[in-house]
Amino acid sequence: MFHINHLTKERFAEKWEKSREKYYRLAYCYTKNEQDALEILSEATYKGYCHRHQLRQEEYFDTWMSRIIIFEAYRYLRQKKRWISFEQYEEGMEESRFETAEVSMDIYRCLDGLEAGERTLLILKYLEDRSFREISEILSIPENTVKTRIYRLLKKIREKEAQHGD
Amino acid sequence: MEIDKKGYEEIEIPQELSEMMAQVRSRERLRHARRKKVTGAVLAAAVLVLAGNTPPVYAALSEVPVLGNLVQIFHIGTGGTATDGMNMTAAAEEDVIKINFALGSSEKTEQAVHAPAYQAEKRTAPDRLVLTVHGVRGFDLEELLLEAADSPYIRDAYREIILDDSAVRVVLELEPDTDFEILEYEQPASLEIHLFSEEQESRDVWFIRSQAMEMTEELALTVEQLSMYEGAAAQTEDGKFVVQVGEFETQEEAEQRLEELKNQGVLDDTYLVDHCLSTERLQ
């Protein structure tokens with residue numbers, strides 16, 4: 001038999017407060033703008049709150065909430081069409097090229113040139129330090145697919161960096 | 001590979017974040033709060049007269065609007081007077097659905113004194129109110145169904161086909177944490193369904209179900225045949241319908257009942273035991 005303990009309003013708030021800065025950073029990484037990030041997070045939180053009954057196991061709160069924020073960010077970007085253009089990305093590269101040591105990779109800065117889906121992978125893996133397994137749960141895609149996509153993405157970024165290095 | 005997270009870690013956390021949860025909570029409360037102002041007064045008089053088994057949801061009262069005489073308030077149950085040839089019109093607001101009854105032809109109508117016989121049932125998976133009104137020949141429900149589906153308390157509203165052509169059945173699928181009360185008036189006759197937020201338990205329910213089918217006469221026939229075994233039509237997640245038979249707390253009880261009904265020749269092998277959350281539709 002299943003024993004489902006649904007999240008109460010209080011429990012939802014408690015869980016959310018505990019990770020709110022991480023959630024804010026997640027939202028921020030898509031737009032790099034305070035107002036947009038607040039809007040995304042507020043909308044995502046409201047949706048999560050209203051549908052808290054759908055979360056069947058409390059231990060998945062973080063996975064579930066992150067997923068809602070990510071999809072809310074996609075929706076927001078689609079709506080506002082605020083894709084950061086490749087030109088902006090290149091400008092950004094120009095400015096900070098000299099600060100970047102060859103051995104390290106500034107993932108946060110790299111986000112700018114990427115599509116929303118690619119950003120998600122980098123944020124979850126390298127900025128939030130999540131495991132491949134967790135990412136696979138958040139995005140509902142197989143773990144191996146997550147790995148392949150991330151490695152391919154890193155290769156793509158390295159190649160871009162290398163071009164700029166020339 | 002060394003990861004430089006400086007940029008990420010330095011993202012400035014705005015002050016607004018500390019108030020966000022409180023704002024979200026009040027936004028949700030607001031969405032559900034407006035109803036009390038409207039229904040409070042209507043119910044107040046009723047609660048005084050007929051304390052009965054009515055949940056004491058409404059406290060404050062100021063004035064009593066002019067309406068017919070209140071006959072009863074109930075959650076589920078039956079009422080009205082056996083009649084025939086009634087016309088029924090209905091309109092929905094965010095938190096109240098009003099159903100009026102009239103007699104006579106289109107040229108000359110007058111408001112009915114007593115409501116026709118009706119029954120209100122609550123079913124789960126998904127949580128819904130099933131209202132059947134008998135002795136009604138004419139009705140205009142299109143607008144009601146459209147308006148009702150807009151209500152924040154209602155997930156979906158539709159008319160269910162039933163075999164009895166002198167009756168009409170309306171199904172209101174409720175959003176989570178929504179409850180209702182029904183008020184019956186006479187002189188003139190009307191029914192009001194009041195919707196409000198109330199924490200509801202969402203639990204796993206088991207039942208016997210048919211294969212999914214479209215809303216057709218076949219569905220109506222099956223529901224009719226199984227009505228004495230607590231059969232009811234339920235919408236599935238993809239918009240089809242199944243006939244649910246009974247409602248059980250455990251899988252064992254449901255399996256046992258299915259076996260019994262199969263042995264009695266009531267159900268065939270296409271029926272199976274299934275379960276889902278009481279607030280949700282079957283897959």
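Of the 283 residues of chain B, 48% count as buried, where buried means under 20% relative accessible area, exposed over 50% and partly exposed in between (1.4 Å probe, protein chains only). This is a predicted model, in which local features need pLDDT of at least 70 and side-chain atom pairs count only at pLDDT 80 or more, while totals for chains, interfaces and linings use all residues. Residues are numbered from 1 along each chain as its sequence is written, chains are lettered from A and ligands numbered from 1 in the order in which they are written, and side-chain values use heavy atoms, with hydrogens and water left out.

**Chain B and its sheet**

Let's stay with chain B for a bit. It holds 6 helices and 17 strands; helices (H or I, at least four residues) and strands (E, at least two) are DSSP runs, numbered from the N terminus. Take the contacts in chain B with a separation of 6 or more: residues 24 or more positions apart account for 66% of them. Contact here means heavy atoms within 4.5 Å.

Strands of a sheet pair through backbone hydrogen bonds, either parallel or antiparallel. In chain B, 5 strands make an open sheet in the order β3-β7-β8-β11-β10, and the pairing is antiparallel. At the edges sit β3 (77–79) and β10 of chain B, each pairing on one side only. From one strand to the next, the twist averages 15°. Two strands count as a pair if DSSP finds at least two bridges between them, and here are three of those pairs:

| Strand | Partner | Bridges |
|---|---|---|
| β7(B), residues 118–123 | β8(B) | 6 bridges |
| β8(B), residues 128–134 | β11(B) | 7 bridges |
| β10(B), residues 154–160 | β11(B) | 6 bridges |

Gln119(B) stands opposite Thr132(B) in β8(B), Leu131(B) has Val170(B) in β11(B) as its bridge partner, and Ala157(B) stands opposite Leu172(B) in β11(B). β10(B) and β11(B) also form a hairpin, with 6 residues between them.

So what about β11(B) itself? 8 of the 8 residues of this strand (residues 167–174) are buried, so β11(B) is largely enclosed by the rest of the structure. Both of its faces are covered: Ala167(B), Arg169(B), Val171(B) and Glu173(B) are buried on one side, and Val168(B), Val170(B), Leu172(B) and Leu174(B) on the other.

**Helices of chain A**

Now over to chain A. Helix α2(A) (residues 20–31) has 12 residues and reaches 17 Å from its first C-alpha to its last, close to the 16 Å expected at 1.5 Å a residue; that expected span is 1.5 Å times one less than the number of residues. 9 of the 12 residues of α2(A) are buried, so this helix is largely enclosed by the rest of the structure. Among the buried ones are Tyr23(A), Tyr24(A), Tyr28(A) and Tyr30(A), along with Arg25(A). After α2(A) comes Lys32(A), whose phi is positive, near 50°.

Two packed helices are described by the angle between their axes and the distance between the axes. Helix α1(A) (residues 9–18) and helix α3(A) (residues 34–50) pack at an angle of about 145°, with their axes 11 Å apart. Axes are lines fitted to C-alpha atoms, for helices over the stretch in contact, and angles run from 0 to 180 degrees between N-to-C directions. Which residues meet? Lys9(A), Phe12(A) and Trp16(A) in α1(A) meet Leu41(A), Thr45(A), Gly48(A) and Tyr49(A) in α3(A).
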